[in-house]
Amino acid sequence: MQAVRRCSACAKHAAGGLVQNQEVSLLQRRGAACIRYLSTSEKRSGVQKPGEMTNPTHISLASLSVGHGLWQVEDLSHNSLIRRAASVLTDSSSSFLSQATLALTDALTDYSKAVHSRIIFQKRYLASVGKMSPSEEESLQRAISGWRSEAAERLNECKHYDSTWIKAVNLCKMAAEAAYSSGAHQASILVQTNIQVAQSQVEEARKLSSEADKKLAETKVEEIQRMAEYSAFLEGSEEHEVHEAYLRED
(Lines give C-alpha, C1' and ligand atoms only; values in the text may rest on other atoms or scores of the structure.)
Protein backbone atom coordinates (compact mmCIF):
# COMPACT_ATOMS: atom_id res chain seq x y z
CA MET A 1 0.00 0.00 0.00
CA GLN A 2 2.84 2.43 0.81
CA ALA A 3 4.41 1.74 -2.56
CA VAL A 4 1.11 2.49 -4.25
CA ARG A 5 0.78 5.81 -2.36
CA ARG A 6 4.32 6.79 -3.31
CA CYS A 7 3.68 6.01 -6.95
CA SER A 8 0.47 8.03 -6.81
CA ALA A 9 2.25 11.01 -5.24
CA CYS A 10 5.03 10.79 -7.82
CA ALA A 11 2.48 10.72 -10.59
CA LYS A 12 0.74 13.85 -9.24
CA HIS A 13 4.04 15.66 -8.89
CA ALA A 14 5.05 14.76 -12.41
CA ALA A 15 1.67 15.87 -13.71
CA GLY A 16 1.97 19.20 -11.91
CA GLY A 17 5.42 19.76 -13.40
CA LEU A 18 4.08 18.87 -16.81
CA VAL A 19 1.29 21.43 -16.48
CA GLN A 20 3.75 24.15 -15.43
CA ASN A 21 6.04 23.31 -18.32
CA GLN A 22 3.11 23.45 -20.69
CA GLU A 23 2.07 26.90 -19.36
CA VAL A 24 5.60 28.26 -19.74
CA SER A 25 5.85 26.77 -23.21
CA LEU A 26 2.50 28.32 -24.12
CA LEU A 27 3.64 31.76 -22.91
CA GLN A 28 6.87 31.43 -24.87
CA ARG A 29 4.98 30.55 -28.02
CA ARG A 30 2.64 33.50 -27.53
CA GLY A 31 5.61 35.85 -27.09
CA ALA A 32 7.32 34.53 -30.21
CA ALA A 33 4.05 34.85 -32.15
CA CYS A 34 3.64 38.45 -30.91
CA ILE A 35 7.14 39.41 -32.10
CA ARG A 36 6.60 37.67 -35.47
CA TYR A 37 3.30 39.53 -35.85
CA LEU A 38 4.96 42.90 -35.21
CA SER A 39 7.70 42.08 -37.72
CA THR A 40 5.24 40.87 -40.35
CA SER A 41 2.99 43.93 -39.89
CA GLU A 42 5.94 46.23 -40.38
CA LYS A 43 7.03 44.49 -43.58
CA ARG A 44 3.51 44.62 -44.99
CA SER A 45 2.94 48.29 -44.26
CA GLY A 46 6.32 49.34 -45.57
CA VAL A 47 6.03 52.56 -43.46
CA GLN A 48 8.28 53.22 -40.52
CA LYS A 49 7.18 55.91 -38.09
CA PRO A 50 9.92 57.81 -36.29
CA GLY A 51 10.21 56.99 -32.62
CA GLU A 52 8.09 53.82 -32.77
CA MET A 53 9.12 50.18 -32.40
CA THR A 54 9.19 48.96 -35.98
CA ASN A 55 11.07 45.66 -35.87
CA PRO A 56 12.22 42.97 -33.42
CA THR A 57 15.74 44.43 -33.34
CA HIS A 58 14.24 47.53 -31.69
CA ILE A 59 12.72 45.45 -28.91
CA SER A 60 14.56 47.69 -26.38
CA LEU A 61 12.02 50.43 -27.16
CA ALA A 62 9.20 48.35 -25.74
CA SER A 63 8.79 45.99 -22.84
CA LEU A 64 6.72 42.84 -23.07
CA SER A 65 5.26 41.90 -19.70
CA VAL A 66 3.08 38.99 -18.63
CA GLY A 67 -0.05 39.84 -16.67
CA HIS A 68 -2.63 37.18 -15.94
CA GLY A 69 -1.32 35.13 -18.84
CA LEU A 70 -1.63 38.01 -21.38
CA TRP A 71 1.19 39.83 -23.16
CA GLN A 72 1.07 43.64 -22.88
CA VAL A 73 3.15 46.06 -24.94
CA GLU A 74 4.20 49.24 -23.06
CA ASP A 75 4.41 52.36 -25.23
CA LEU A 76 7.94 53.71 -24.87
CA SER A 77 8.08 55.75 -28.07
CA HIS A 78 9.83 59.11 -28.09
CA ASN A 79 6.54 61.00 -28.03
CA SER A 80 5.31 58.97 -25.08
CA LEU A 81 8.52 59.53 -23.13
CA ILE A 82 8.37 63.27 -23.83
CA ARG A 83 4.79 63.42 -22.55
CA ARG A 84 5.84 61.60 -19.38
CA ALA A 85 8.78 63.95 -18.87
CA ALA A 86 6.47 66.94 -19.38
CA SER A 87 4.11 65.56 -16.75
CA VAL A 88 7.01 65.16 -14.31
CA LEU A 89 8.02 68.76 -15.06
CA THR A 90 4.54 70.06 -14.29
CA ASP A 91 4.45 68.08 -11.03
CA SER A 92 7.83 69.46 -9.93
CA SER A 93 7.01 73.05 -10.88
CA SER A 94 3.64 72.78 -9.09
CA SER A 95 5.41 71.59 -5.95
CA PHE A 96 7.84 74.50 -6.20
CA LEU A 97 4.93 76.92 -6.61
CA SER A 98 3.08 75.42 -3.65
CA GLN A 99 6.05 75.87 -1.31
CA ALA A 100 6.77 79.40 -2.56
CA THR A 101 3.10 80.36 -2.13
CA LEU A 102 3.03 79.02 1.42
CA ALA A 103 6.21 80.91 2.33
CA LEU A 104 4.96 84.18 0.83
CA THR A 105 1.48 84.05 2.38
CA ASP A 106 2.96 83.21 5.80
CA ALA A 107 5.39 86.14 5.52
CA LEU A 108 2.59 88.51 4.51
CA THR A 109 0.42 87.27 7.38
CA ASP A 110 3.24 87.71 9.92
CA TYR A 111 3.91 91.20 8.57
CA SER A 112 0.24 92.15 8.95
CA LYS A 113 0.21 90.87 12.54
CA ALA A 114 3.37 92.83 13.40
CA VAL A 115 1.91 96.04 11.94
CA HIS A 116 -1.39 95.62 13.80
CA SER A 117 0.48 94.99 17.06
CA ARG A 118 2.51 98.16 16.53
CA ILE A 119 -0.70 100.12 15.88
CA ILE A 120 -2.26 98.84 19.12
CA PHE A 121 0.68 99.98 21.28
CA GLN A 122 1.03 103.25 19.36
CA LYS A 123 -2.62 104.17 19.94
CA ARG A 124 -2.30 103.22 23.58
CA TYR A 125 0.69 105.54 23.83
CA LEU A 126 -1.12 108.44 22.11
CA ALA A 127 -4.14 108.05 24.36
CA SER A 128 -1.91 108.23 27.44
CA VAL A 129 0.38 111.11 26.45
CA GLY A 130 0.80 113.41 29.42
CA LYS A 131 -0.85 110.91 31.76
CA MET A 132 1.86 108.27 32.05
CA SER A 133 4.69 107.87 34.48
CA PRO A 134 8.19 107.86 32.98
CA SER A 135 8.45 104.08 33.41
CA GLU A 136 5.10 103.47 31.67
CA GLU A 137 6.06 105.76 28.81
CA GLU A 138 9.40 104.00 28.40
CA SER A 139 7.71 100.59 28.41
CA LEU A 140 5.25 101.60 25.68
CA GLN A 141 7.97 103.18 23.56
CA ARG A 142 10.04 99.99 23.87
CA ALA A 143 7.05 97.88 22.74
CA ILE A 144 6.41 100.19 19.77
CA SER A 145 10.07 100.04 18.75
CA GLY A 146 10.09 96.24 19.04
CA TRP A 147 7.05 95.77 16.82
CA ARG A 148 8.45 98.31 14.33
CA SER A 149 11.61 96.20 14.01
CA GLU A 150 9.54 93.02 13.74
CA ALA A 151 7.44 94.49 10.93
CA ALA A 152 10.58 95.59 9.08
CA GLU A 153 12.03 92.06 9.27
CA ARG A 154 8.78 90.50 8.07
CA LEU A 155 8.65 93.01 5.20
CA ASN A 156 12.13 91.94 4.06
CA GLU A 157 10.93 88.33 4.11
CA CYS A 158 7.92 89.31 2.01
CA LYS A 159 10.19 90.87 -0.62
CA HIS A 160 12.44 87.80 -0.69
CA TYR A 161 9.62 85.27 -0.99
CA ASP A 162 7.74 87.45 -3.45
CA SER A 163 10.71 87.23 -5.84
CA THR A 164 10.82 83.44 -5.42
CA TRP A 165 7.06 83.18 -5.92
CA ILE A 166 7.16 85.14 -9.19
CA LYS A 167 9.88 82.82 -10.49
CA ALA A 168 7.77 79.79 -9.51
CA VAL A 169 4.74 81.19 -11.37
CA ASN A 170 6.81 81.81 -14.50
CA LEU A 171 8.28 78.31 -14.30
CA CYS A 172 4.80 76.80 -14.03
CA LYS A 173 3.63 78.79 -17.05
CA MET A 174 6.54 77.46 -19.12
CA ALA A 175 5.87 73.93 -17.87
CA ALA A 176 2.20 74.25 -18.84
CA GLU A 177 3.14 75.36 -22.35
CA ALA A 178 5.67 72.53 -22.71
CA ALA A 179 3.15 69.97 -21.50
CA TYR A 180 0.47 71.21 -23.88
CA SER A 181 2.79 71.22 -26.90
CA SER A 182 3.97 67.68 -26.09
CA GLY A 183 0.42 66.35 -25.89
CA ALA A 184 0.15 66.13 -22.07
CA HIS A 185 -2.99 68.27 -22.07
CA GLN A 186 -4.30 67.08 -18.72
CA ALA A 187 -1.02 67.93 -16.99
CA SER A 188 -1.07 71.36 -18.64
CA ILE A 189 -4.59 72.08 -17.42
CA LEU A 190 -3.71 70.95 -13.90
CA VAL A 191 -0.68 73.22 -13.55
CA GLN A 192 -2.66 76.19 -14.91
CA THR A 193 -5.28 75.54 -12.25
CA ASN A 194 -2.54 75.46 -9.59
CA ILE A 195 -1.30 78.84 -10.81
CA GLN A 196 -4.78 80.36 -10.45
CA VAL A 197 -5.16 78.96 -6.92
CA ALA A 198 -1.75 80.29 -5.89
CA GLN A 199 -2.49 83.73 -7.32
CA SER A 200 -5.78 83.85 -5.44
CA GLN A 201 -4.12 82.94 -2.12
CA VAL A 202 -1.34 85.49 -2.54
CA GLU A 203 -3.80 88.19 -3.58
CA GLU A 204 -5.82 87.64 -0.41
CA ALA A 205 -2.69 87.82 1.79
CA ARG A 206 -1.52 90.97 0.02
CA LYS A 207 -4.92 92.54 0.56
CA LEU A 208 -4.61 92.00 4.32
CA SER A 209 -1.10 93.47 4.41
CA SER A 210 -2.26 96.49 2.39
CA GLU A 211 -5.07 97.10 4.87
CA ALA A 212 -2.55 96.95 7.70
CA ASP A 213 -0.32 99.49 5.93
CA LYS A 214 -3.33 101.78 5.45
CA LYS A 215 -4.23 101.65 9.15
CA LEU A 216 -0.60 102.30 10.08
CA ALA A 217 -0.56 105.39 7.87
CA GLU A 218 -3.74 106.63 9.54
CA THR A 219 -2.17 106.05 12.94
CA LYS A 220 0.90 108.06 11.94
CA VAL A 221 -1.32 110.98 10.94
CA GLU A 222 -3.14 110.69 14.25
CA GLU A 223 0.20 110.65 16.05
CA ILE A 224 1.34 113.86 14.35
CA GLN A 225 -1.91 115.61 15.26
CA ARG A 226 -1.88 114.36 18.84
CA MET A 227 1.75 115.31 19.45
CA ALA A 228 1.12 118.77 17.93
CA GLU A 229 -1.81 119.26 20.31
CA TYR A 230 0.26 118.08 23.24
CA SER A 231 3.13 120.42 22.34
CA ALA A 232 0.70 123.35 22.09
CA PHE A 233 -0.70 122.38 25.47
CA LEU A 234 2.75 122.35 27.03
CA GLU A 235 3.63 125.73 25.51
CA GLY A 236 0.38 127.18 26.82
CA SER A 237 1.09 125.79 30.26
CA GLU A 238 4.59 127.28 30.32
CA GLU A 239 3.27 130.71 29.26
CA HIS A 240 0.60 130.50 31.94
CA GLU A 241 3.21 129.64 34.56
CA VAL A 242 5.45 132.51 33.42
CA HIS A 243 2.50 134.98 33.56
CA GLU A 244 1.56 133.87 37.09
CA ALA A 245 5.17 134.25 38.24
CA TYR A 246 5.26 137.80 36.78
CA LEU A 247 2.07 138.74 38.61
CA ARG A 248 3.43 137.42 41.90
CA GLU A 249 6.56 139.55 41.47
CA ASP A 250 4.37 142.62 41.00
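Cys158 is buried, with a relative accessibility of 6%; buried here means under 20% relative accessible area, exposed over 50% and partly exposed in between (1.4 Å probe, protein chains only). Cys172 is likewise buried, at 0% relative accessibility. The model is predicted: local features need pLDDT of at least 70 and side-chain atom pairs pLDDT 80 or more, while totals for chains, interfaces and linings use all residues. Residues are numbered from 1 along each chain as its sequence is written, and side-chain values use heavy atoms, without hydrogens and water.

**Cysteines**
- The whole structure contains 0 disulfides, a disulfide being a pair of cysteine sulfur atoms within 2.5 Å.

**Nonpolar cores**
- In the largest nonpolar core, which has 23 residues, Leu97, Val115 and Trp165 touch the most other members.
- A nonpolar core is a set of buried Ala, Val, Leu, Ile, Met, Phe, Trp, Tyr and Cys residues joined through side-chain atoms within 4.5 Å.
- At least two residues of this core come from each of H2, helix H3 (134-182) and helix H4 (185-249); helices are DSSP runs (H or I, at least four residues), numbered from the N terminus.
- H2 provides the largest share of this core, 9 residues.
- Another core, of 6 residues, lies apart from it and includes Tyr125, Leu126, Met132 and Ile144.
- Beyond its neighbours within four places in sequence, Val115 is in contact (heavy atoms within 4.5 Å) with Ala151, Ala212, Asp213 and Leu216.

**Phe96**
- Phe96 belongs to helix H2 (residues 78-127).
- Phe96 is partly exposed, at a relative accessible area of 34%.
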